[in-house]
Amino acid sequence: MPISDPTFLSATPGSAALYERAVRVMPGGDTRTCVYQPPHILAMERGSGSFIWDVDGNRYVDLYYNGLSLLHGHAYGPATEAIARQLSHGTAWAGSSRAQVEFAELLCDRVPSAELVRFCVSGSEAAMLAAKVSRRATGRRLLVRTDTGYHGSYDGFDEASGVLVVPDGDADALERLLDERGDEIAAVFLEPASVATALAPPVEFFVRAREATRAREVVLVFDECITFRNAWGGMQETMGITPDLTLLAKFVGGGLPLGVLAGSREIMEHFDPRSPNHIYHSGSFNGYVAACAAGLVVLGDYTREAIAEMNRRAERLAGLFQTAAADAGLTMAVDVSGSMIGLQPGVAKANQRISSDSLEAYQLLQHAALVEGLYLQPAEGALGLATSMDDDLVEEVGEHMHRALVRTRTWLEQGA
Ligand SMILES: Cc1ncc(COP(=O)(O)O)c(C=O)c1O
């Protein structure tokens, strides 16, 4: 398969040279598995709005926005101003801050399950904290996640560590597991829409999960690190279901690293240092003031109207992708949830799981998209929009994708 397209190679010598140096000092030449791509990882120079430029000056429309961690695009003026203002006063200190308190108030106001919040630095860390406090609250050890569930880098979610896994959206399987082993299970982690595919199980699944966990006093955790973008108070607001704990991360730091564990007063009070048996939880950069200041601005500007507009554009873009695939003669499942879009080339219809054929076709599509000026997530997973994408750019991206799909199809035929 021509995963090293000559056009790509001749356009990216600067990235190739940096990659050669990078592999000597970092395994695989980078520090995030999800950005690895053959033949070399692109080195980026800058971003603005919906565009990013690599070190060779190539411009890409970004459909990944750093793992969907930017809501208003790159270098969003009000956020960079808030950060710059804060920089002159220092970025972090031990002690509280006005920005941290105001940001906690904003989150408790928006997210239905958030009676109290605790800050950390990433989604992975928020998930780890959720596991810890659930174990303390229940006196049990086991964690449950779905087969497509991704909650970050904590090894407690790896199958090798004994996490129990149920198929995403399968309420019968979850109820069975809770019947059989409920008295060993501390928490069930669910994503309202999968970050792997952008597929959202029916609300019925979450209703049954809520009832079954409540009945067995198991903590229900919604991972809304990404799906918080889909609605003002997260997808729990839209579904009308309140989990015990919620994980937030990504864009909440306004472009800087920040993670949040939010939840019921009863559970979150385990972190309260005023109580004698509290959980010791510290972190030098927990809730650091520059990220809280940026988050206040970014979420403040993410109004119900802005969300509705972006979700409408995502629907349009998903439709364009579907038409482009049909036109290019390539089978591709396209799923959309809010402003998340999942692409599975080589898969006939939505609702199917990622397969190895689909992964190979996706890698080719991602490479072809780079040649056509589109930056997709290097590893298969949900793409997304930012509010910086206007209607014209949505149409333009549809055309880029069409050309990328035609190129992919040619490569697939050559490889066949
Ligand atoms: C749903 C979900 N949860 C948790 C995480 C982990 O967050 P972080 O990368 O900030 O550690 C991610 C990251 O992609 C995610 O998509």
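How are helices H4 and H11 oriented to each other, roughly parallel or roughly antiparallel? H4 and H11 are roughly antiparallel to each other, where angles over 145 degrees count as roughly antiparallel, under 35 as roughly parallel, 65 to 115 as roughly perpendicular and the rest as oblique.

This is a predicted model, in which local features need pLDDT of at least 70 and side-chain atom pairs count only at pLDDT 80 or more, while totals for chains, interfaces and linings use all residues. Residues are numbered from 1 along each chain as its sequence is written.

**Overall form**

The protein contains 14 helices and 14 strands; helices (H or I, at least four residues) and strands (E, at least two) are DSSP runs numbered from the N terminus. Its C-alpha atoms fill a box of roughly 65 × 55 × 45 Å along the principal axes. The radius of gyration of the protein is 22 Å, which agrees with the value near 22 Å for a compact globule of 416 residues. That radius is taken over C-alpha atoms, and the globule rule is 2.2 Å times the number of residues to the power 0.38.

**Helix packing**

Two packed helices are described by the angle between their axes and the distance between the axes. Axes are lines fitted to C-alpha atoms, for helices over the stretch in contact, and angles run from 0 to 180 degrees between N-to-C directions.

| Helix pair | Axis distance | Crossing angle |
|---|---|---|
| H4 (residues 77–87) and H11 (residues 289–300) | within 8 Å | roughly 150° |
| H5 (residues 98–110) and H11 | 8 Å | about 40° |
| H12 (residues 304–328) and H14 (residues 391–415) | within 9 Å | roughly 30° |

H4 passes H11 in a right-handed crossing; a crossing is right-handed if the near helix is turned clockwise from the far one by less than a right angle, and left-handed if anticlockwise. On the H4 side the contact includes Ala79, Ala82 and Ile83, and on the H11 side Ala290, Ala293 and Val297 are among the residues. Two residues are in contact if their C-beta atoms, placed from the backbone, lie within 7 Å. The contact of H4 with H11 has 11 nonpolar residues, 1 polar and no charged. Here Ala, Val, Leu, Ile, Met, Phe, Trp, Tyr, Cys and Pro count as nonpolar, Asp, Glu, Lys and Arg as charged, and the others, Gly among them, as polar.

H5 also packs on H11, with the axes at about 40°, and H5 is therefore oblique to H11. The crossing of H5 with H11 is left-handed. Phe103 and Leu106 of H5 are among the contact residues, as are Cys292, Ala293 and Leu299 of H11. By class this contact comprises 8 nonpolar, 2 polar and 1 charged residues.

H12 and H14 cross at roughly 30°, so H12 is roughly parallel to H14. H12 passes H14 in a right-handed crossing. The contact includes Arg313, Leu317 and Phe321 of H12 together with Val394, Met401 and Arg409 of H14. Its residues divide into 11 nonpolar, 2 polar and 5 charged.

**Ligand shell**

The ligand is surrounded by 15 residues, of which Ser122, Gly123, Ser124, Gly152 and Cys225 are the closest. The shell has 6 nonpolar, 7 polar and 2 charged residues.

**Backbone features in loops**

The peptide bond from Pro38 to Pro39 is cis, with omega near 0°, and Pro39 lies in the loop between helix H2 (13–25) and strand E1 (44–48). Glu217, a residue other than glycine, has a positive phi near 55°. Glu217 is placed in the loop between helix H8 (203–215) and strand E8 (219–223).

Methods:
A residue is near a molecule or strand if its C-beta atom, placed from the backbone, lies within 6 Å of it.
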